[in-house]
Amino acid sequence: MKLLTRRAAALLILAGLLVLGLVVFSFEYVHNAGKWAQYPTNKHYYENGKLMAQGTIYDRNGEILRQFIDGQVTYHQSKTVRTALMQTIGDSYGNIGTSIEVAFADKLAGWDFVNGAYRFDQTKSSSNQNITLTLDSKLCAVAYEALNGRKGTVGVYNYKTGEILCMVSSPSFDPQNRPDIEGNPQRYEGVYINRLFSATYPPGSIFKLVTAAAAIDNMKDIQTRTFHCEGEETIQGDVVTCLSAHGDLDFSGALAKSCNVAFGEIAMELGANTIERYAEKAELTESLSVDGIRTAQGNIDLSQAEGANLAWAGIGQYKDMVNPLSFLAYVGAIGNNGVMVTPRILETGTVEALLPGGGIKKTRVLKEETAKTLAEMMRNDVVSEYGVNNYANLELRAKSGTAEVGGDETPHAWFTGFMDREDYPLAFIVIVENGGAGSKVAGAVAAKVLKAAVTE
């Protein structure tokens, strides 16, 4: 009897271990099967350790951005396009985790979770392996050239459909002719980072669009209030400064002049909790999912902000950090009457094939009237400060930013906004690292890109 009991116990233990093993295997399969399929030992994809074939990556206009020919990866025929899209497409070495080559390696190889290696004959092309992006490669080339070697990023997306048309980071390099990156670390600092997806920056004065939204909703007299700026204001012993003395300003004028004194006062009255809440509503503290690719998460933590620190936080300084794509989506929501459309990089048909049940995600982040008021104020920015002629026929609504980065470094230059046009509902964002004045430096980049966008 004791022997029978011991044997039964042993069988139960073995059964338990089998179940545990199946659970562990299932978990690992769900999370890692796509990677397992890419191992050179997989004879469906490799021969003598050499990859036999992969799918082709196209832009929205059918331009080949990357393809596999005779066992070799080749890129677009234009060096400028190749360089402009290196962080987006990949560098053939897997150094960029958010790149299409890495994020959709299983799709390009011909593998999915249900069917496994569904493409057994790797010597023939298969449209099921191809990927079409929402990007316009020519527009991306224009953006890269407009940055003119300066570090930064440019993003343009359709705020009605979510399609990203332009996504460029600098510095970059031609993936078909890799330079000596290790031998020139200063020039290529951050070269493997898709700055639109994976970087965060102090927003500077573009964050005033968030503070302004909070003021419109929570300060009943904001539209009739007058602010007085002498160029600086002392708050609890610390000084909040402006670039110049602006005199008397109304609310719209305070945004157009980007008056730190006025917005510092607004931030103090709103309080830390309200500003944090509006940053969260704008989804600036979350990581966006762009067809499954995660963006960097911003940080607006005002829990310790008091006095002048709170004022600076409402101005977009203090410890504020935002991801460029997240802020681009917020600005797009202003253009879309308060509804944010999550950005996407895969064409609709591809999204449906890769992500069943996917599609355009829409989230209301602003009241409709608040969004319309902000849009009118942003138009006043262009008319009164940035120059309508600099953005002729674009129907531009915009906000510049000059973000202090500490020490003796030149501030980052920001320019963001949207076009109020039915035929081109495009939002944009530009950051030039250590570029200086936002409207002059980043604004000039935006002008070149947007003019190209409407003539494509």
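## A walk through a predicted chain

Nine of the eleven residues of helix α8 are buried, so the rest of the structure largely encloses this helix.

The buried residues of α8 are Lys208, Leu209, Val210, Thr211, Ala212, Ala213, Ala214, Ala215 and Ile216. Which helix does α8 (residues 208-218) cross at roughly 45 degrees? The partner is α13 (residues 324-335), and the two axes come within 11 Å. The contact is formed by Leu209, Val210 and Ala213 on the α8 side, with Phe327, Tyr330, Val331 and Ile334 on the α13 side. Sorted by kind, the residues of this contact are seven nonpolar, no polar and no charged. As for handedness, α8 passes α13 in a left-handed crossing.

### The chain as a whole

The chain has 456 residues, of which 54% are buried, and it contains 16 helices and 19 strands. Take the contacts between residues at least 6 apart in sequence: 65% of them join residues at least 24 apart.

### Another enclosed helix

Now turn to helix α6, which spans residues 137-147. Eight of its eleven residues are buried, so α6 too is largely enclosed by the rest of the structure. Those residues are Ser137, Leu139, Cys140, Ala141, Ala143, Tyr144, Ala146 and Leu147. What covers them? The cover includes the strands β4 (64-69), β7 (152-158), β8 (164-170) and β19 (426-432), along with the helices α2 (79-84) and α16 (438-453).

Both ends of α6 are worth a look. Following the helix comes asparagine 148, which has a positive phi, near 55 degrees.

### Spots in the loops

Several loop residues also deserve a visit. Serine 170 and proline 171 are joined by a cis peptide bond, with omega about 15 degrees. Proline 171 is found in the loop between β8 and α7 (195-198).

Glutamate 283 and tyrosine 318 each have a positive phi without being glycine. The table sets out where they sit and their values.

| Residue | Loop | Phi | Relative accessible area |
|---|---|---|---|
| Glutamate 283 | between α11 (272-281) and β13 (289-290) | about 60 degrees | 11% |
| Tyrosine 318 | between α12 (308-315) and α13 | about 55 degrees | 25% |

Is glutamate 283 buried or exposed? At 11%, glutamate 283 is buried, because buried means under 20% relative accessible area. Tyrosine 318, at 25%, counts as partly exposed.

Glutamate 395 is located in the loop between α15 (368-386) and β17 (396-403), and it is partly exposed, with a relative accessible area of 36%. Which residues does glutamate 395 contact, leaving aside its neighbours within four places in sequence? They are Arg379, Phe418, Met419, Asp420 and Arg421. Of these, arginine 379 is 16 residues away from glutamate 395 in sequence, and their C-alpha atoms are 8.1 Å apart in space.

Conventions
Residues numbered from 1 in each chain as written. Predicted model: local features only at pLDDT ≥ 70, side-chain atom pairs only at ≥ 80, totals over all residues. Heavy atoms only, no water. Buried < 20%, exposed > 50% of the residue type's maximum accessible area, 1.4 Å probe, protein only. Helix = DSSP H or I, 4+ residues; strand = E, 2+ residues; numbered from the N terminus. Contact = heavy atoms within 4.5 Å. Axes fitted to C-alpha atoms, helices over the stretch in contact; angles between N-to-C directions. Left-handed = near helix turned anticlockwise from the far one by under 90°. Nonpolar A, V, L, I, M, F, W, Y, C, P; charged D, E, K, R; others polar.
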